[in-house]
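Here is a friendly walk through one structure, meant for someone opening it up for the very first time. Have a look at the sequence and the 3D view, then read on.

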There are 2 protein chains.
Amino acid sequence: MTTELTSGARPGVPTLDQVAVLAGVSRATVSRVVNESPRVSPEARVVVQAAIEQLRYVPNRAARSLVTRRTDTIALVLSEPNSQVFSDPFFAGIVHGVSAALAETELTLVLLTARDAREQRKIARYARQGHVDGVVLMSLHSEDLLPDMLSEVAVPLVLCGRPHDGREVAYVDADNRGGARVATEHLLGLGRRRVAALTGPMDLIAGVDRHAGWVQALADAGHEPDPALVVHGDFTEAGGEAAMVRLLDQAPDLDAVFVASDPMAVGALRALRTAGRRVPDDVAVVGFDDAAVAATCDPPLTTVAQPLDRMTTELVGLLRARIAGEAGPAETRTCPTRLVRRASA
Amino acid sequence: MTTELTSGARPGVPTLDQVAVLAGVSRATVSRVVNESPRVSPEARVVVQAAIEQLRYVPNRAARSLVTRRTDTIALVLSEPNSQVFSDPFFAGIVHGVSAALAETELTLVLLTARDAREQRKIARYARQGHVDGVVLMSLHSEDLLPDMLSEVAVPLVLCGRPHDGREVAYVDADNRGGARVATEHLLGLGRRRVAALTGPMDLIAGVDRHAGWVQALADAGHEPDPALVVHGDFTEAGGEAAMVRLLDQAPDLDAVFVASDPMAVGALRALRTAGRRVPDDVAVVGFDDAAVAATCDPPLTTVAQPLDRMTTELVGLLRARIAGEAGPAETRTCPTRLVRRASA
DNA sequence: ATGAAAGCGCTAACAT
DNA sequence: ATGTTAGCGCTTTCAT
């Protein structure tokens with residue numbers, strides 16, 4: 001009696017019932033086949049699979065998730081008012097990497113962007129509606145409210161990048177501080193004495209950490225950081241060029257510079273050339289890889305490689321572990337960076 | 001009697017029933033308030049809203065979409081094996097624009113990427129599962145199978161970019177042909193006689209159309225297109241530089257060049273400079289805007305502006321119309337391009 | 001191994 | 001204007 005009521009539904013979109021009728025079994029058996037339960041006889045499985053093929057049946061996700069309370073979907077949230085961040089190779093790399101890591105699984109990726117408070121609320125609401133099993137959040141700026149908003153929603157959450165404050169939350173980050181330290185040590189090891197730092201904005205944790213690594217390397221070597229040797233860029237090529245000009249003005253005697261991002265390093269190189277300083281004979285430069293921009297530089301730049309692939313793998317792994325309840329709410333992973341010396345032209 | 005069964009559910013996630021009980025009304029009334037039906041008394045509305053606030057109630061999407069057969073979600077599908085496409089400013093611009101256009105609505109965006117056949121199947125399946133109300137598909141290459149796969153799924157579909165064959169499908173595209181024609185006319189109007197074309201790959205419809213525009217402008221002016229004046233790039237900066245080198249070799253007497261994309265134009269400019277040709281005195285160049293890369297060029301380039309904002313607006317508008325059943329399956333929109341002359345340095 | 005039946009949370013007739 | 005009721009398509013005990 002139940003089955004004949006199904007006739008009122010949309011034509012062309014088969015349901016479990018229809019498969020069951022065609023296969024001559026019950027709904028439960030079809031469900032078991034679809035969900036790969038071992039409690040099905042081989043014969044039944046064959047019959048059901050044939051019916052599924054014939055009808056081109058695909059389970060209705062809404063119905064399934066209504067009962068299982070899973071959605072098999074995770075969200076990647078980009079919280080950043082600046083819209084050109086989309087073409088930023090670092091963001092692009094993260095999006096791509098997460099998407100690739102998920103391709104191997106049954107999970108699908110939902111990309112959400114928050115450019116203003118309105119969109120932030122929409123995202124928090126979306127998460128609370130239970131439309132995703134978990135979320136990866138990229139939020140760089142210290143004053144961003146979204147991390148708090150999402151923490152309040154009862155959904156597994158992993159941040160991409162260490163949070164600015166010391167909050168208790170799961171995150172994955174590159175070893176920014178270690179990378180900057182190694183880069184600076186490399187320059188000191190070359191015998192340079194006046195190693196400047198072209199760092200990033202200090203409201204970005206990556207900027208803070210990379211600056212801290214430079215300071216530490218100098219301290220370890222017994223140098224005291226000279227304020228004249230520090231200048232802040234905005235992680236862009238143009239910003240890097242401008243910052244390098246200021247740096248040359250502040251400290252004309254510098255003989256090396258650690259640049260806290262690759263695009264800035266490209267700009268810095270240009271500024272150095274314009275100023276008539278030879279690279280690397282005159283000034284040694286090490287960049288910090290956001291996506292290997294500097295690989296195409298002339299002269300080729302020694303850079304700190306940022307482990308994008310590793311980060312995205314960890315991000316997805318940690319989130320899945322959290323969804324499965326196998327990882328704590330504040331578990332963290334730091335992905336090692338490494339120095340890459342490129343052949344000099 | 002129904003309500004007390006609810007007790008077995010997840011704690012902390014309130015349902016319609018619980019709101020109804022707290023407000024002292026029926027589920028139906030709560031549903032009406034949530035869905036802004038006019039058939040509710042002001043008093044009831046107030047009581048219900050208070051209960052919603054108190055319980056922090058948010059409707060369960062799965063349950064809703066199970067009955068309404070809507071998901072309030074649309075997918076933006078990027079079908080492109082090349083993974084670096086993510087940082088391509090054109091793609092980034094489309095993603096950003098669509099996302100922005102949707103921010104004003106109740107719809108959410110799901111970004112899906114297909115890099116290989118496996119991912120393509122996953123996407124087709126996802127669409128068939130009824131998890132989205134419609135899809136915007138960016139598929140550039142002529143041999144891509146995804147357009148066919150998605151056409152077979154009964155879901156409103158709009159392509160970003162004219163399909164390569166003459167298939168019957170809704171799409172939105174820039175006026176690539178018209179833009180190329182105007183660019184070439186501009187060069188001819190400057191008095192140039194040997195107007196070369198640095199075009200894109202011919203398996204991309206944008207490449208084909210821009211090339212066709214150049215041919216048409218020459219034909220209209222009574223010139224016959226000289227094969228030596230044509231060379232194909234790959235829409236990238238490096239490709240543009242290499243192509244320009246070939247072009248100079250093939251046709252050393254060229255006095256102008258229409259370049260079918262901005263990044264290529266930047267590369268072409270560099271090649272011209274290296275070859276000792278002065279721009280624009282010696283060789284006039286017009287680029288084709290993929291995301292205003294050329295705006296930062298030196299010398300500033302006259303470019304054909306591609307209406308990204310317009311395209312994304314149309315894309316979303318057309319898809320929504322299709323979802324509402326207000327637009328045919330093969331309705332198309334072409335967004336006008338225009339020539340932008342930049343002040344010479 | 002299989003089927004019957006209950007119910008996930010919601011909307012939408014249909015009554016009143 | 002409000003309540004009652006019948007499902008949407010699926011999973012999952014609980015029997016058999």
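## Before you start

This is a predicted model, where local features need pLDDT of at least 70, side-chain atom pairs count only at pLDDT 80 or more, and totals for chains, interfaces and linings use all residues. Residues are numbered from 1 along each chain as its sequence is written, chains are lettered from A and ligands numbered from 1 in the order in which they are written, and side-chain values use heavy atoms, leaving out hydrogens and water.

## Two helices in chain A

Take helix H8 (residues 176–189) and helix H9 (residues 205–220), both of chain A: they pack at about 40°, and their axes are 7 Å apart. Helices here are DSSP runs of H or I with at least four residues, numbered from the N terminus. Axes are lines fitted to C-alpha atoms over the stretch in contact, with angles from 0 to 180 degrees between N-to-C directions.

Contact means heavy atoms within 4.5 Å.

## Where the chains meet

Now look at helix H4 (residues 61–68) of chain A and helix H4 (residues 61–68) of chain B, whose axes come within 8 Å and cross at roughly 145°. Ala62(A), Ala63(A), Ser65(A) and Leu66(A) make the contact from H4(A), with Ala62(B), Ala63(B), Ser65(B) and Leu66(B) from H4(B).

## The nonpolar cores

Which residues have the most contacts inside the largest nonpolar core? They are Leu76(A), Leu76(B), Leu198(B), Met244(B) and Val257(B), in a core of 106 residues. A nonpolar core is a set of buried Ala, Val, Leu, Ile, Met, Phe, Trp, Tyr and Cys residues joined through side-chain atoms within 4.5 Å. Apart from it lies another core of 43 residues, and Trp214(A) is among them.

Glu119(B) sits in helix H6 (residues 117–128) of chain B, and is buried at a relative accessible area of 7% (buried means under 20%, with a 1.4 Å probe and protein chains only). Not counting residues up to four places away in sequence, Glu119(B) touches Ala103(A), Thr113(B) and Ala114(B).

Gln120(B) is in helix H6 of chain B as well, and counts as buried at 12% relative accessibility. Leaving aside neighbours within four places in sequence, the contacts of Gln120(B) include Ser79(B), Asp144(B) and Met149(B).

Technical notes: Buried means under 20% relative accessible area, exposed over 50%, partly exposed in between (1.4 Å probe, protein chains only).
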